[in-house]
Amino acid sequence: IDFVIVNGENAAHGFGITAKICQEFFDAGIDVITLGNHSWDQREIMNYIREEPRLLRPLNYPENTPGEGSAKFETRSGGSVLVAQVMGRLFMEPLDDPFAAVEKCLRMMTLGEDVNCIVVDVHAEATSEKMAMGHYLDGRTSLVVGSHSHVPTADAQILPGGTGYQTDAGMCGDYNSVIGMKKESAINRFIKKLPGDRLEPAEKEATVCAVFLETDDHTGRAVRISPIRAGGRLDPTEY
């Protein structure tokens, strides 16, 4: 594996990420961490992200938001990869247009010419918005993969133009839960209209969910994409 990206926006006990956790990820071999709608849950990260180029927040946050939404990196094999993240707008907080934001980003980088690989993390609620982004970027990126909904989808595929796609990579956590949180408190939020206990992450055996992508060295387009599920309650995959 030449390059590893992790969406870490829930790493701090379900709410944001800290500088310490970022360093633990980097020490473990992670190359880039993306965030999302929980980017600023841990306030300390606002200063950290200004100095750490390997930590990315959504590209379509307003101008002057701390940090960057995309960056170019070198892989272990000496290649180059552009990583970008956008956040969707359907059923999410209002942000700038994610399609326009990624379009502007890609004007500066052409797959197979300026960079060997382009990965776009679409942090969105609606599957339709993620799918639309995948088809919009087909042929111009190596991978479009969704995050945020915590549940792995079964639609890993290579789109007609050569872009690898999966609507959601799925969370890394305990699936005997409500999207990673302890069941009782989450259920009570639906059946009672009263303030309840703070949501807490479920902490039994975890399943690691991810997407494996292999690209063509010359074009940067996908030649193989495989979902990864290991451990815990979900059926494991072989890749």
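**Exercise 1. Which residues of helix H4 are buried, and what covers them?**

Solution. Start with the term: buried means under 20% relative accessible area (1.4 Å probe, protein chains only). In helix H4 (residues 127-136), that gives Glu-129, Lys-130, Met-133 and Gly-134. Next, look down the axis of H4: the buried residues fall within an arc of 140°, so they line one face of the helix. That arc is taken from the directions from the helix axis to the C-beta atoms. Helices (H or I, at least four residues) and strands (E, at least two) are DSSP runs, numbered from the N terminus. Finally, the cover of these buried residues includes strands E5 (80-87), E6 (117-123), E7 (143-147) and E9 (164-166), along with helix H3 (98-106).

A note before you go on: this is a predicted model, where local features need pLDDT of at least 70, side-chain atom pairs count only at pLDDT 80 or more, and totals for chains, interfaces and linings use all residues. Residues are numbered from 1 along each chain as its sequence is written, and side-chain values use heavy atoms, with hydrogens and water left out.

**Exercise 2. Where is Leu-137, and which residues is it in contact with?**

Solution. First, find Leu-137 in the loop between H4 and E7. Leu-137 is buried, with a relative accessible area of 0%. Then list its contacts (heavy atoms within 4.5 Å): leaving aside neighbours within four places in sequence, they are Val-102, Leu-106, Val-120, Val-144 and Thr-163.

Key. Buried means under 20% relative accessible area, exposed over 50%, partly exposed in between (1.4 Å probe, protein chains only).
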